[in-house]
Amino acid sequence: CASQQKEEEVLAEQTYYENAREAMNSGNFNEAEQNLDALETYYPFGRYAEQAQLDLIYARYQNMDLEGARAAADRFMRLNPQSEHLDYALYLRGLASYNIDLGLAARYMPIDVAARNPGEQLQAFRDFAQLLERFPDSEYAADARQRMIAVRNRMAGLELRAARYYIKREAYLAANNRARYVVENYPSTPAVEEALIIMTDTYRALDLDEAADDSLATLRKNFPNSNVFADNGNYQSEGLKRQDRSLLNVVTFGLIGGN
Amino acid sequence: DEFTVADIEVEGLQRVSAGSVFSAFPVNIGEQLDETELAGAIKELFRTGLFTDIEASREGGVLILTVKERPSISSIDIEGNKNIETEILKDALAGAGLEEGQVFQRATLERLELEILRSYIGQGRYNARVTATAEELPQNRVAVRLDINEGSVAAIQHLNIVGNQDFSDEELIELFELRTSSWWNSLTNKDKYARERLSGDLESLRSFYLDRGYLDFTVESSQVSISPDKQQVFIAIALNEGPQYTVGDIHLRGDLIVGEEELRKLISLEEGDVVSRSKMTAISESLSYRLGREGYAFASVNAMPEPAGDNTANITFYVEPGKRAYVRRINFEGNVSTKDEVLRQEMTQMEGGVASTDRIEFSKSQLERLGFFKTVNVDTVPVPGTDDLVDVNYAVEEQPTGSLSASVGFSQSSGVILGASVSENNFFGTGKRASFGVNVSDSVKSANISYMDPYYTVDGVSRGFSVFGRQTDYEDEDVSSYLLDEYGARVTFGYPTGTFTRLNFGVGLTQSDIKNWDDTNRLVEDFARTEGDSFLNYFVFGSWRKSTLNRGLLPTDGHSHSLSLDVAVPGSDLTFYKASYKTNYYFPLTDNNRWVVRARGGIGYGDGYGDRSQMPFYEHYYAGGYGSVRGYEGNSLGPRVIDNDGDDVPFGGNLLTEAGLEFIVPTPFAGDTRTMRTSFFLDAGQVFDTSRGGAPEEEFGELRSAAGISFQWITAVGPLAFSLAKPLNDQEGDDTQVFQFSLGQSF
Amino acid sequence: CSLVEDRSERYVDAPEGQPISVPEGARASRIDQAMPIRDINTDDNRRLYPSSIPKPPDMTSDILEQNYVIEELDGRVWLLVNEVPGRLWPAASGWMSESGLGVAYDSPQLGIQQSELVNFSKRSRQLVGLPDSPDANEPKTVVQMRLAPGIRRKTTEIRMRVLERDQAPDELVAWQDRETSAARIEQQKALLADLGAYLQGREDSKSFSRAASGMVAEPKVRLISSDDDVAQAVTVALDYGRTWAELNRSLEEIGAQVQDLNRSEGWFQVDFRTEDERSAGLLSWFSNDDKPLHTHTVFVEQAGDVQRVTAEQTDAYDGELTSADLLTQLFENLY
Amino acid sequence: CSFPGVYKINVQQGNIVTDAELAELSEGMPKSQVRAILGTPLVINPLDSDQDYYVYTFQRRGGEVKEQRIVVYYQDDRYTRHQAKLLEETPAY
Amino acid sequence: CSSTEIVEQPAPLPDVTETVEFDELWSVSVGDGHDDELLQLAPLYAGDTIYAASADGVVMSVATENGDVQWERELDDRIFAGPGADTRQLYVVSSNAELIALSREDGSEQWRTELPTEVLAAPQSNGSLVAVQTIDGRLISFNASSGEQLWQYQAQVPALTLRTGAAPLVGGDIVIGSFSNGRVIALSADAGQPVWQYQVGQPQGRTELERLVDIGGQPLVLDSALMVVGYQGKLALIETRSGQEIWSRPASSYYSPAIGGGNIYLASANGDVIALQGSDRRELWIQDQLSWRQVTRPAVSGDYLVVGDYEGYLHVLSAENGQLVGQDKFDGDGIRVPVQVLRDGKLLVYGNSGDMAVLQLEQDN
């Protein structure tokens with residue numbers, strides 16, 4: 001019952017590599033993957049080994065097998081700790097995590113992806129951070145960094161959406177904490193402006209005037225021309241407008257307001 | 001003897017790069033080096049774990065390091081394992097660093113050999129053999145091979161319990177998973193001795209006695225002996241029952257927060273009852289749950305029985321509320337396509353509010369009732385650095401919520417359906433319900449658009465509208481042969497009136513035209529002649545719904561009632577009303593909800609009012625087919641009428657009665673039972689026409705029933721269902737149908 | 001690109017603001033970065049990949065087709081090996097001792113090894129091509145070997161010299177480049193061939209010298225590009241003759257057919273066009289084979305201690321390939 | 001008509017602090033000890049560490065929000081005084 | 001492929017050119033013999049009467065001479081161990097761990113007392129003290145006339161042991177127990193305090209199976225010394241007074257050794273029968289044709305040895321060279337109880353199915 005190794009004649013190392021390169025350039029990534037796998041099994045320490053493992057990451061990624069691409073990247077980094085191209089493997093690993101949860105719908109339909117759980121994009125953030133740490137002047141560093149900014153902004157955006165919900169829910173203390181979380185943890189994201197506004201309004205609603213003034217001062221200092229300031233500079237946010245939750249209002253499509 | 005290092009040469013490298021060797025070797029050119037420093041440097045290089053041996057030699061000023069690289073693993077294959085899957089073994093090897101491409105360490109291989117052997121012994125395979133070999137390959141690589149001979153498992157020949165007076169051996173052995181050898185037991189491997197199972201059985205023996213008041217129960221010894229040929233195992237369990245204790249008086253100690261009087265109500269043990277450990281733990285849990293409602297999430301209650309003479313014991317419940325806990329943040333995980341707000345709006349527990357276990361648990365079942373998630377798990381995690389703040393994390397696993405009846409659908413009643421209809425309860429993850437469909441089949445041509453926002457206001461006031469157009473050729477529905485065109489629109493509202501109850505209402509209008517009624521049957525012709533064939537009706541409709549079902553799709557617990565009334569108000573061409581009541585009950589038999597009994601019932605009645613004596617025939621109820629009484633063709637039950645070309649055709653009626661009993665069983669070999677359901681059912685139902693004489697009671701005997709088995713599966717395309725039914729009391733003339741299939745409709 | 005905007009490219013303009021500053025008197029200790037992002041110098045390679053991911057870097061171009069090649073140019077001959085000097089140094093000294101020459105003096109930093117006296121060992125006399133029987137007043141001869149990094153990265157050039165002195169040199173003789181006779185060149189070729197065979201034999205067990213590894217000099221070939229990332233010139237840190245020869249070979253290899261050249265004035269006229277430009281589209285079925293076109297001129301001039309290579313597009317060609325493309329491909333091939 | 005109104009849940013926010021606990025505070029007490037007695041404040045002003053807010057709000061069935069506010073003042077981490085406007089009863093749900 | 005059947009395959013029945021015959025003098029059937037609980041209810045040879053017991057509760061007394069049943073009694077509980085005896089009473093242990101004392105005259109029950117757990121080895125008594133050894137390492141002594149417990153000694157035994165039990169030795173002032181932890185321990189008869197102990201088998205190896213070191217048979221008493229053998233342990237001679245080892249050699253057997261004609265005969269665990277020179281334990285011969293057939297303790301009768309095996313065959317070996325000289329199928333259910341030698345060299349055999357007989361070896365030349 002020893003498993004018979006299916007005998008297929010083994011080609012030369014170079015031919016496998018050439019076939020793989022050709023297939024990859026012509027976009028046939030399935031064939032590329034097969035050749036690279038063959039190269040791995042028959043010539044694990046040949047001259048093309050390192051290059052084959054690197055190409056495998058790219059081929060699997062283009063084959064939409066993002067999980068496989070991540071695994072191939074990990075394997076490359078484990079087998080070639082000293083390689084000069086480690087930055088490419090790390091970058092691809094980050095990219096795979098960045099896009100793994102992104103369905104086709106989310107790319108082309110008007111869905112507000114930022115309102116959902118970031119999923120594996122947090123792992124992408126960690127991969128890119130490692131890339132920036134170890135290879136600051138790699139040619140992929142700039143793109144990785146830009147994506148990190150996007151992920152961070154998305155996290156801040158999530159906090160803000162939760163704050164807006166709690167305002168609708170009239171749970172102003174919860175809204176205040178969510179807004180404060182943004183200011184305290186994501187101080188350099190665009191969400192900070194609205195967070196400061198929410199903090200000001202919710203402190204005001206809770207009659208904590210000193211805290212409200214501090215938040216307003218910070219807002220004025222960092223976002224002097226925010227459009228919550230009228231031309232003459234004084235603060236006029238429409239505050240925490242209460243959604244009219246009466247049944248009457250809903251039935252009459254808002255014509256007759258309830259309490 | 002010291003010497004200055006002019007150059008360092010490394011010999012024998014294969015895979016490892018020179019750079020890593022030079023960086024690990026703490027000596028550089030031009031340094032003075034003596035024996036001890038050299039030895040220290042070599043030890044440093046050894047610690048990289050990359051080399052099996054390192055020799056240093058000197059040629060003038062040049063220090064030469066000849067290294068032998070540790071081989072790397074090129075392949076791992078495992079033979080002969082049946083009871084432990086290769087995957088698990090491979091993970092164990094990988095965990096210990098033995099993986100393709102990794103450096104091969106012989107010591108770890110031997111250690112693993114022992115661990116695998118021990119896990120086999122744990123399964124009772126005493127004469128198992130595990131041998132690991134590492135075969136040298138060129139280029140300093142090694143092929144690892146694991147040969148396993150699992151040997152046979154010792155069968156339990158004899159299980160003897162000594163020292164039990166109050167309960168017989170048979171009664172106690174019934175609790176055991178282990179059984180003595182018999183053909184049935186050896187099939188289920190129950191008679192295979194395994195140490196873990198024995199300790200498990202001893203534990204269930206202990207809790208059996210402790211639940212019956214034997215507080216001093218102890219297991220003296222459990223001796224296992226094996227036959228010389230290692231094929232048979234003998235187990236002797238010596239136990240010492242001790243007296244059976246009954247409850248003396250009950251005390252409550254500690255800070256009770258809500259007062260003794262209310263907590264006493266939760267204590268179900270009375271004086272004289274048997275002291276049962278499981279009861280005591282259940283009470284402690286209900287007490288701490290009650291405190292949890294007040295925000296004491298860290299409350300802990302434990303019961304201490306103390307013997308108090310002549311076999312009675314006083315029980316004291318020590319209550320430690322701990323600090324009142326507050327929720328800092330509520331986080332959601334796994335909702336990659338559903339919006340965060342859709343989950344947050346179901347929460348009754350607020351961030352920054354008192355942490356109430358009640359509300360956290362209720363919010364979890366609210367998420368399950370949405371029907372968007374396969375699993376919902378909640379986890380209350382203390383916030384590091386504080387002793388009274390917790391974070392609540394909900395982890396959800398999304399499942400398809402829409403049903404997309406693809407281009408070719410098939411249903412008994414209306415033949416092949418062409419066209420597509422998309423209905424999605426979680427429209428692009430926004431929580432809103434939307435459906436859009438165009439269906440073309442030989443008997444029904446219809447198009448409809450409907451949209452409903454369940455959370456128009458934050459309290460759950462819903463608002464929605466729907467527009468539909470339908471042309472039905474009842475000829476093909478094998479109902480009397482007339483053509484009915486209907487167009488209409490509706491606006492619906494709804495709002496919660498309690499935690500589980502909801503009130504919906506709305507207005508709408510429908511334009512109905514009956515065509516070629518002249519060659520159908522007498523009843524239709526009389527109706528059309530007296531009432532005309534085109535009606536514009538204005539509807540006001542309302543419904544009250546109460547539901548404590550535990551899941552949106554395929555529930556297993558709870559009940560639901562819905563009472564609805566549709567009235568064509570005066571000013572419509574035909575004034576009539578239709579009222580219906582439907583109910584569903586689920587009784588789980590086991591606590592893992594895999595065996596459930598479901599009872600369902602429904603009644604519908606319609607009549608005319610004002611100057612109309614009866615409701616229009618095209619609004620008649622029909623019964624039979626999937627979704628009503630399985631085993632009979634769709635819409636085939638109830639009164640019939642002879643149409644012009646002589647065959648009698650179902651005509652429906654204005655009184656519908658339906659009932660069903662289902663016994664839901666775990667789906668065999670199914671992995672994920674949350675999206676599949678197998679059940680044995682008994683359906684019964686009938687439609688009557690009160691206006692044509694014959695009071696319903698004496699016709700009651702007419703009720704049709706059928707029994708059978710049905711299988712449902714929630715697929716990405718929508719709920720898919722098959723059913724095999726055997727009609728029980730079908731009269732001749734009924735159109736029975738044993739096999740039925742439906743896509744896109746779950747009921 | 002597609003008419004519907006691919007929203008996954010929106011990250012490109014995700015703004016990164018400055019961390020907010022607090023008003024005076026307020027305490028900022030609670031404000032820190034939960035997700036810190038490291039700064040990187042983004043001056044030269046500020047490239048983003050919004051739509052398509054970058055192809056993997058190609059390392060195989062370093063692998064020469066054949067290894068251990070003996071090359072000759074302007075009266076100089078050397079053995080080109082596809083390995084870094086650090087790795088060859090121990091192997092080379094291994095050859096010196098095993099071939100009987102022995103190593104009298106060496107300097108890993110300079111990459112020079114000097115043999116013992118050849119006269120007294122029959123084997124080394126044979127190797128060097130001296131007559132078997134030594135006669136009294138023949139000069140004391142030693143063999144010198146020099147390893148230096150090749151032009152292309154990760155390559156080494158090894159040269160040999162047979163020195164005749166009246167008495168045995170007692171220290172490492174400095175290496176000067178002098179004109180050598182044809183016979184001498186043949187002698188050096190023989191030695192290099194022997195060394196090449198020896199090295200090829202020991203290929204799988206890599207041995208390294210730390211000192212020799214330090215010898216990796218500055219890269220000899222550099223691409224100079226303007227600040228908007230357009231190639232302007234390629235500098236080669238070699239003598240004019242050697243640069244001229246290397247350029248000649250590289251132009252052929254990148255498919256720029258040399259039409260005319262003038263070594264003293266330092267220019268090449270080349271026909272450097274893409275495949276389809278050459279085949280002049282469909283019409284090529286009927287026209288005779290395409291006549292060469294002088295599309296670009298390549299200039300070489302001495303600039304300080306470095307040769308500076310520039311290129312110009314002639315107005316007779318307005319195709320796709322600019323002079324910058326020519327220079328970049330030249331650089332890729334050389335280095 | 002006596003239609004049942006829209007069922008709205010109660011919304012409770014903030015720390016439940018009683019005057020008994022407030023009575024335990026004494027001048028110069030370190031902040032950590034104050035927080036051990038009153039609990040961790042759920043609302044703070046990130047920019048000013050010399051104040052802790054113990055705010056409690058309760059909205060019954062979507063009605064008007066009743067609020068109880070306690071501001072505790074510190075001077076380099078030592079309790080100095082507090083201002084309190086308490087409600088008679090502070091239910092947890 | 002990987003084989004899964006057990007490694008130790010019993011050897012096929014060797015064919016023997018018989019030079020010795022068995023002549024059955026009398027036989028009697030004792031209840032249903034042993035059931036499938038792997039018990040060893042060795043009959044008790046007491047001069048002119050033999051007492052035997054069966055697993056289904058039958059106890060009977062039989063005349064050694066002709067096998068006439070003097071009395072027979074049917075207890076209403078199943079018997080796990082016994083019979084042991086002293087001058088006045090017989091002792092058996094029931095499956096529900098009760099020690100029962102019967103009168104030797106008519107087998108009537110004298111008293112009965114509860115034991116903590118199962119007992120496999122026959123109780124032993126010196127007339128005033130009855131000692132019982134349980135399978136979980138306890139040695140308990142009772143007053144022979146009243147059945148009231150005197151003392152109890154608890155030894156630490158491994159979780160997994162062999163399905164065998166060595167009966168204790170009850171002397172005048174010491175009681176010697178041999179336990180499944182491979183130790184022989186002497187206890188003072190009056191208080192049950194340990195006097196000395198000797199380690200026969202040292203548990204080693206990686207799995208519970210390899211670490212089994214039970215002592216299967218009661219030590220052999222030779223005037224002032226004891227000869228004992230353990231499974232995967234040693235064959236040793238130790239002084240009865242002090243427990244000091246006189247000599248020992250590695251051996252592994254489920255049963256006690258047998259001595260005869262200055263030699264020591266041993267049925268080892270793997271089925272080989274070994275003869276050793278008494279003086280220097282030099283190996284005289286090994287009979288290995290019966291490997292893995294679970295060979296019982298050799299009975300020495302004249303210059304022959306008789307052993308039983310798991311298929312119920314009796315084998316006769318020449319004591320001199322170990323050759324198989326006789327063979328007879330005695331009991332289809334197998335023989336587990338060792339063959340006993342009566343005073344005049346006759347053999348007492350008790351098969352698993354309950355047949356008990358006295359046989360005599362006949363030379364058929």
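Is Arg61(D) buried, partly exposed or exposed? At 46% relative accessibility, Arg61(D) counts as partly exposed; buried means under 20% relative accessible area, exposed over 50%, and partly exposed in between (1.4 Å probe, protein chains only).

The legends below describe a predicted model, in which local features need pLDDT of at least 70, side-chain atom pairs count only at pLDDT 80 or more, and totals for chains, interfaces and linings use all residues. Residues are numbered from 1 along each chain as its sequence is written, chains are lettered from A and ligands numbered from 1 in the order in which they are written, and side-chain values use heavy atoms, with hydrogens and water left out.

View 1. Arg61(D) lies in the loop between β3 (51-59) and β4 (65-75) of chain D, where its phi is near 50 degrees. Helices (H or I, at least four residues) and strands (E, at least two) are DSSP runs, numbered from the N terminus. Met64(A) also has a positive phi, of about 65 degrees; this residue sits in the loop between α3 (49-62) and α4 (66-79) of chain A and, at 63% relative accessibility, counts as exposed. In chain E, a cis peptide bond with an omega of about -10 degrees joins Gly82(E) and Pro83(E), and Pro83(E) belongs to strand β6 (residues 79-85). Most residues other than glycine have a negative phi, and most peptide bonds are trans.

**View 2. A patch of negative charge on the surface of chain E.** Its members include Glu18(E), Glu21(E), Asp333(E) and Asp364(E). Patches consist of residues with over 30% relative accessible area and no salt bridge, like charges being joined within 9 Å and nonpolar side chains (Val, Leu, Ile, Met, Phe, Trp, Tyr) within 5 Å. A salt bridge is a side-chain nitrogen of Lys or Arg within 4 Å of a carboxyl oxygen of Asp or Glu. Strand β1(E) provides the largest share of the negative patch, three residues. Asp355(E), in strand β33, is partly exposed, with a relative accessible area of 30%.

**View 3. A nonpolar surface patch on chain B.** Trp595(B), Phe663(B) and Ile709(B) are among the residues of this patch, whose members together have about 810 Å² of accessible area, computed by the Shrake-Rupley method with a 1.4 Å probe and, for residues, only the protein chains shown as cover. Ile709(B) is placed in strand β35 (residues 704-715) and is partly exposed at 33% relative accessibility.

Terms used:
Lys, Arg positive; Asp, Glu negative; His and termini not counted. Charge placed at Lys NZ, Arg CZ, Asp CG, Glu CD.
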